[in-house]
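The structure is shown first, and the description follows.

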Amino acid sequence: VAKTEERNAYRLYSPLMHADARRRLSLAVDLRQALARKEFRLVFQPNVELRTGRIMAVEALVRWQHPERGMLYPDDFIPMAENLGLIREIDEWVLGEACAQLRRWDALRLPSLRMAVNVSASTIGRRAFVDRLAEALEANGLSGERLLIEITESAILRLGEQTERTMQAIHGLGVGVAIDDFGTGYSSLAYLKLSAIAFLKIDRSFIAGLPGDANNAAITQAMLAMARSLGLRPIAEGIETQEQHDFLLRAGCSEGQGYFYARPQPAQDIEGMLRPSLRPTAAKLHLVPPKA
Ligand code: C2E
Ligand code: MG
Ligand code: MG
Ligand code: MG
């Protein structure tokens, strides 16, 4: 629908057009300007070692500070950005900003802290993507080991025969790849043996019902066993409760992420958690600032 309307811009004013379609069309118009108008922001969510609460990595998550509509979340605009062919520029902006932020945090002397960045299929599918990666690292004096690229199974599927070459090039920079939302995509598991892939992020839909949901408990345990035998580091997503934390720790999951530890938040708010002297223990991590 949006596509037709876009070609016939006069339809914008048609009284017959549904309010929802009108809203989407005007959002699409705004999205084209958003980068130039510097309306994107990053928030960061820690990824902790379950046993100690130590922050292993932070994931950069994009937000759109819309001048009239307020803060918009990825689900509100990433699919649209993908359809409009704008996602590559957004992802590359995020990559550059996230690397610049990691360099700023180097003042805190956390040499092993890693930054995780999400990329869409069309971003990683572009030949020049690996060059962009190398540039972002170089510009900020970071070694590739400091960076993680998160992609979903469906993005890997879309890479098709390009997968091996792309993964090898990323691996060549020392950058690790994490499979995001693992368990929700439809794809073969053959890609898991690619050496660039270092992490499996178990989707939060499996974590949500833990420990009560016997099926999700079994699936989670099976994914952990598979990660272990393939030498991949599991990261459980969407941990919200002490019970989930305890279950995952007992099940041998080493790392996790979720509101139980910290919500995504702006860089300056996360800094207190990163400072070694102020770093909370796992038990004390359960502070939940307002949704960012
Ligand atoms: P994701 O990469 O799986 O990121 C995790 C999402 O789960 C984030 O949503 C985060 O806020 C949310 N989350 C974290 N902990 C919890 C929890 O305990 N409970 C619940 N219910 N949710 C939790 P967010 O920030 O809305 O991002 C949604 C998705 O948008 C991300 O999922 C990622 O796939 C995509 N995304 C975010 N930033 C970018 C980006 O820069 N580029 C691209 N291409 N995609 C992005
Ligand atoms: Mg992610
Ligand atoms: Mg995820
Ligand atoms: Mg996701």
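## Elements around ligand 1

Helices (H or I, at least four residues) and strands (E, at least two) are DSSP runs, numbered from the N terminus. With that numbering, strand 2 gives the largest share of the shell around ligand 1, namely four residues. The model discussed here is a predicted one.

Four elements each supply at least two residues of this shell: strand 2 (55-66), helix 3 (74-83), helix 4 (87-105) and strand 6 (176-182). The residues that surround ligand 1 number 25, and the closest are Asp91, Asn118, Asp180, Glu240 and Tyr259. Ligand 1 sits in the largest pocket.

## Polar contacts of ligand 1

Gln45 has a polar side-chain atom 3.0 Å from a nitrogen atom of ligand 1. Asp180 places a polar side-chain atom 2.7 Å from an oxygen atom of ligand 1. For Tyr259, a polar backbone atom lies 2.8 Å from an oxygen atom of ligand 1. Ligand 1 taken alone exposes 800 Å², and the protein buries 86% of that.

Asp181, at 26% relative accessibility, counts as partly exposed.

## Backbone features

Asp181 lies in strand 6. Although Asp181 is not a glycine, its phi is positive, at about 55°. Lys38 is likewise not a glycine and has a positive phi of about 55°. Lys38 is found in the loop between helix 2 (19-34) and strand 1 (40-49). With a relative accessible area of 66%, Lys38 is exposed, since exposed means over 50%.

The peptide bond from Leu210 to Pro211 is cis, and its omega is near 0°. Pro211 belongs to the loop between helix 9 (204-207) and helix 10 (214-230).

Technical notes
Residues numbered from 1 in each chain as written. Chains lettered and ligands numbered in written order. Predicted model: local features only at pLDDT ≥ 70, side-chain atom pairs only at ≥ 80, totals over all residues. Heavy atoms only, no water. Buried < 20%, exposed > 50% of the residue type's maximum accessible area, 1.4 Å probe, protein only. Near = heavy atom within 4 Å. Polar contact = N/O pair within 3.5 Å; in protein donor to acceptor, adjacent residues only side chain to side chain. Areas by Shrake-Rupley, 256 points an atom, 1.4 Å probe, with all protein chains shown as cover. 1 Å grid on protein atoms, 1.4 Å probe; cavity = no way out; pocket = protein on both sides within 12 Å on 5 of 7 lines; lining within 4 Å. Sits in = over half its atoms within 2 Å of the grid points.
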